[in-house]
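Me: I have a model on screen and want to learn to read it. Can we go through it feature by feature?

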Amino acid sequence: MEFANIGYLLLLLLLIPYILWYFFRGKGKEPTMRMSDTFAYQHAPKSWKVRLIHLPMVLRCIVYTLVVIILARPQTYNTWDDKDTEGIDIMLAMDVSASMLTEDVFPNRLEVAKEVASEFINSRPNDNIGLTIFAGEAFTQCPMTLDHTALLNLLHGVRTDLVTSGLMQDGTAIGMGLANSVSRLKDSKAKSKIVILLTDGSNNVGSISPMTAASIAKKFGIRVYTIGLGRETGEDIGAIDYKTLQDIAVSTHGEFYRAQSQAELSKIYQDIDKLEKTKMKVKAYDHLHEAYMPFAWLALILFCFELLLRWIVFRRLP
């Protein structure tokens with residue numbers, strides 16, 4: 001057990017002057033009402049009331065001690081546990097170029113990609129996961145974190161009009177998106193490091209080529225899973241560079257996938273989830289528990305008991 005506010009325990013020192021005052025308060029005082037001497041009865045048997053005359057004071061001290069302990073917030077941990085954890089750091093690299101607004105999947109490619117990625121994040125509560133978004137440029141929307149609530153909020157906040165509203169340069173900088181993700185993973189000490197790169201086009205802008213970014217990923221032991229999303233029909237849909245995506249995956253010992261529907265994309269993420277299950281044992285504490293309630297109940301019971309004793313058993317003349 002430990003105390004969150006251990007400084008409150010210093011209040012227990014106040015019991016010392018209280019106890020001294022209790023036992024010495026009557027010394028040297030003149031009685032207000034004189035009575036005949038009871039010296040002759042000093043060896044008479046003592047009643048139980050006399051023997052318990054100091055019990056209310058003792059109870060008062062115990063209640064005070066319990067209240068101080070409650071203020072100090074006692075907390076307990078369970079014993080050390082061996083736990084399995086994935087030991088995996090993951091960066092999601094998501095294309096947000098204008099072509100991702102194509103409605104060949106409902107409501108559009110970007111919204112489908114966000115929804116399926118959210119399901120993937122929820123399925124891996126023990127992993128550090130981050131998010132990179134890219135179009136004609138790339139930036140980190142969320143660094144790797146175990147706070148998946150914050151990550152999901154940032155993912156859902158990725159707007160479908162980032163390019164059309166001029167907030168990002170249009171284009172598909174696959175190399176820049178991958179390089180940004182690699183920069184977040186390169187110093188990771190995790191047993192496994194992966195990038196899941198999703199795009200619906202081919203690299204047509206950016207200062208880093210996809211294969212250059214892939215070679216950097218390989219150098220740092222980062223596997224890249226590439227996904228080409230969308231149906232290749234219609235004049236307004238850019239061709240997906242399947243060869244480059246496949247070369248990236250092969251060179252980094254990852255996998256290449258093609259998805260033409262939300263169901264297919266969900267299946268791909270499920271496959272990746274199954275592939276990336278590197279278990280390792282770690283020592284970890286369970287969650288801490290606030291342990292003040294037993295002290296609170298005991299203090300309440302003893303306080304009520306002390307009141308009853310004073311009102312019923314040890315009543316005094318006014």
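The dialogue below takes the features in turn.

Me: What should I know before I start?
Reply: This is a predicted model, where local features need pLDDT of at least 70, side-chain atom pairs count only at pLDDT 80 or more, and totals for chains, interfaces and linings use all residues. Residues are numbered from 1 along each chain as its sequence is written, and side-chain values use heavy atoms, with hydrogens and water left out.

Me: How many helices and strands are there in the chain?
Reply: Helices (H or I, at least four residues) and strands (E, at least two) are DSSP runs, numbered from the N terminus. The chain has 10 helices and 11 strands.

Me: How much of the chain is buried?
Reply: Buried means under 20% relative accessible area, exposed means over 50%, and partly exposed lies in between (1.4 Å probe, protein chains only). Of the 318 residues in the chain, 39% are buried.

Me: What share of the contacts join residues at least 24 apart?
Reply: Contact means heavy atoms within 4.5 Å. Take the contacts between residues at least 6 apart in sequence: 83% of them join residues at least 24 apart.

Me: How do I read a nonpolar core?
Reply: Start with the general idea. In soluble globular proteins, nonpolar side chains tend to be buried together. A nonpolar core here is a set of buried Ala, Val, Leu, Ile, Met, Phe, Trp, Tyr and Cys residues joined through side-chain atoms within 4.5 Å. The largest has 38 residues. Those with the most contacts inside this core are L92, L131, I196, I227, L265, Y269 and I272.

Me: Which elements each supply at least two residues of this core?
Reply: The strands are β4 (88-95), β5 (128-134), β7 (192-199), β8 (222-229) and β9 (256-259). The helices are α4 (109-122), α5 (148-156) and α9 (262-275). Helix α4 gives the most, with seven residues.

Me: What is L92 in contact with?
Reply: Leave aside neighbours within four places in sequence. L92 then contacts A117, F120, I121, I129, G130, L131, T132 and I196. Another core, of 19 residues, lies apart from the largest one. M91, F134, A214 and L245 are among its residues.

Me: How do I read a helix pair?
Reply: Axes are lines fitted to C-alpha atoms, for helices over the stretch in contact, and angles run from 0 to 180 degrees between N-to-C directions. Angles under 35 degrees count as roughly parallel, over 145 as roughly antiparallel, 65 to 115 as roughly perpendicular and the rest as oblique. Take α3 (residues 55-71) and α10 (residues 293-313): their axes come within 9 Å and cross at roughly 155°. That makes α3 roughly antiparallel to α10.

Me: Which residues of α3 and α10 make the contact?
Reply: On α3 they are L55, P56, L59, R60, I62, V63, L66, I69 and I70. On α10 they are F295, A296, L298, A299, L302, F303, F305, E306, L309 and R310. For classes, Ala, Val, Leu, Ile, Met, Phe, Trp, Tyr, Cys and Pro count as nonpolar, Asp, Glu, Lys and Arg as charged, and the others, Gly among them, as polar. This contact has 16 nonpolar, no polar and three charged residues.

Me: At what angle do α4 and α5 pack?
Reply: The angle is about 175°, with the axes 10 Å apart. That makes α4 roughly antiparallel to α5. K114, A117, S118, I121 and N122 in α4 meet H148, L151, L152, L155 and H156 in α5. By class, the contact has five nonpolar, four polar and one charged residues.

Me: Is G177 buried or exposed?
Reply: G177 counts as buried because its relative accessibility is 0%. G177 lies in helix α6 (residues 174-185). Not counting residues up to four places away in sequence, G177 touches A93, T132, F134 and A138.

Me: Which backbone details deserve a look?
Reply: Start with omega. A cis peptide bond joins F106 and P107, with omega about 0°. P107 is in the loop between β4 and α4. Then check phi. R73 is not a glycine, yet has a positive phi of about 55°. R73 is in the loop between α3 and β2 (74-76), and is partly exposed at 35% relative accessible area. H253 is also not a glycine, and its phi is positive, about 65°. H253 sits in the loop between α8 (242-251) and β9, and is exposed, with a relative accessible area of 60%.
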